[in-house]
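Let's take a walk through this structure together, one spot at a time. Keep the sequence and the 3D view open as you read.

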Amino acid sequence: MTDFTQQPAWEKLSGLAKSISDTHMRDWFNSDPSRADKMQVEACGLFVDYSKNRVTDEVLGELFTLAKAQGVEAHREAMFSGEAINSTEGRAVLHTALRNFSGKPVVVDGEDVMPEVLATLDKIEAFTASIHSGEHKGYTGKVIKQIVAIGIGGSFLGPKIMTEALKPYTCDAVKVHFVANVDGCHIHDVLASVDHEETLIVMSSKSFSTQETLQNTLTAKAWFLGEGGKQEDIAKHFVAVSSNVKAATEFGIAEENIFPMWDWVGGRYSLWSAIGLPISLALGFENFKGLLEGAHEMDKHFCTAPFESNLPVILATLGVWYRNFFDAQSHVLLPYYHYLRGLPAYVQQLDMESNGKQVTLEGNVVDWQTGPIIWGSEGTNGQHSFHQLIHQGTSVIPADFMLPLNVPNQNDTHHAMLASNCFGQTQALMQGKTFDECYADLEGKGLSEEARSALAQHKTMPGNKPSNTILFEKLDPQTLGALVAMYEHKVFVQGVIWQVNSFDQWGVELGKVLGNQVLAGIQGEVESDTFDASTQQLISRFRNANAPT
Ligand SMILES: O=P(O)(O)OC[C@H]1O[C@H](O)[C@H](O)[C@@H](O)[C@@H]1O
């Protein structure tokens, strides 16, 4: 295939990046009163204003041409139709099948996966109902009131962050606690806060081989037995979600308590599968289904909307524009909604684990930049810390602002202030403040000419900083599903343009292997001289600090 940088559109975009470098976005807004109206898209409950970007119609046209030339449409078709596009693992990529309400089959290796997908949804629904109604009881006959969800990475971030984002939809029947880290402090605190007789442990691990999740579950099991539960009571208090049923049953989870998932669901794309069971338990099955329905709407939009009005394509190509033509190294997500504060961390795994790659699908080392660093946090908090660097630092940091137009228990004064800060930030980033404006402000302040000029220079805001603003009526399950699926498809489109496999994660493997070797070193099972001098020194300090007294 033709390399990204050999495409005619690349050449044209390189020229356009140079030719627009002298134009300020302010000038485009001044000369074209219809700019904001032209550069917005509304779909699946999301309104996206992308007019505050350093693009013209010509730039956008070339970006779409580039995306087409890189085969986005064919790859999209290949993904949705179940081809093994995860080439390094020989797997299909079908998280979209998990939210496929079209009634159409999705075939993997000659078999329609939809009956199994729908049966698992039924199982989630029935289990949720049995917990909420109190029909499923603990071993002493008490109803289940506490859920401890154990998992890490994609088996944690999605369930935790979606549950948090939909807090207003939480049902009262149970309280869900999430534990990911192998740091014993966390599981200790959570277990100390619950009564084992009314607690259900949901262990989520696609592979059923992740050290942190296995150890936390063993600790929970030991706690349960230590509190008075018996081995035969485990079935009432432990369920698992995994594609590795064999390992889960060997671990001691009753087969009827295992919720299946499949190898064609990537960990960071798995919240739509039974990995989402804690979401259903926390919010009720209908709200979990609402998330899936919203994502399905976004799937339809992504598959059918022309590139010019296709949200994932627009956001993806804008990201490529800044990453590859303006050397933007990061992208910031700024949810102006407290409950959505976890979204940057969610998209961080989704994007960085997917497109943090350096080799093309054909196995060649890329000579262009791929995935950016994703970061961010809730507004307005960031305005009083890191926004300074976005406004006046030396890097281009494209930003996605997001805001619900209405919030639960709305206090109108607070909400108007929140919105005005959000919009005000996008305005400040775009227009900046010129030296002349700053200089004029300092008139009559008793400064010498030299001091006035110097201070005006410090106060100057270059502006011309790109941002998208994403608005929605309120963050209901459907809207959140659409928002998350929009980012999934954005990442997909960028992966196709950059020619990488967005669905493997070999980079995390070495750390796991070495972590296990170091553990053997700490436990004295291997000689310390098998490690480098620095690691030896760290192990020895740790062993000394933890030596039996
Ligand atoms: O669900 P599991 O198999 O336990 O995997 C949990 C997580 O661990 C891995 O290291 C991957 O980097 C993640 O993509 C994955 O979601």
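Start at the ligand: one of its oxygen atoms sits 2.6 Å from an N or O atom in the side chain of S155. That is a polar contact, meaning a pair of N or O atoms within 3.5 Å. With K206 it's a polar backbone atom that lies 2.7 Å from an oxygen of the ligand. There are 13 residues around the ligand, and S155, S205, S207, T210 and E353 come nearest; to be around it, a residue needs a heavy atom within 4 Å.

A quick word on the ground rules: this is a predicted model, where local features need pLDDT of at least 70 and side-chain atom pairs count only at 80 or more, while totals for chains, interfaces and linings use all residues. Residues are numbered from 1 along each chain as its sequence is written, and side-chain values use heavy atoms, leaving out hydrogens and water.

Now find N464, in the loop between α19 (449-459) and β13 (467-472). Is N464 buried or exposed? With a relative accessible area of 11%, N464 is buried (under 20%, using a 1.4 Å probe and protein chains only). Leaving aside neighbours within four places in sequence, N464 touches T23, H24, M25, R54, L429 and M430, where contact means heavy atoms within 4.5 Å. With T23, a polar atom of the N464 side chain lies 3.5 Å from the backbone oxygen. I397 is 67 residues from N464 in sequence, and their C-alpha atoms are 11 Å apart in space.

Conventions
Helix = DSSP H or I, 4+ residues; strand = E, 2+ residues; numbered from the N terminus. Buried < 20%, exposed > 50% of the residue type's maximum accessible area, 1.4 Å probe, protein only. Polar contact = N/O pair within 3.5 Å; in protein donor to acceptor, adjacent residues only side chain to side chain.
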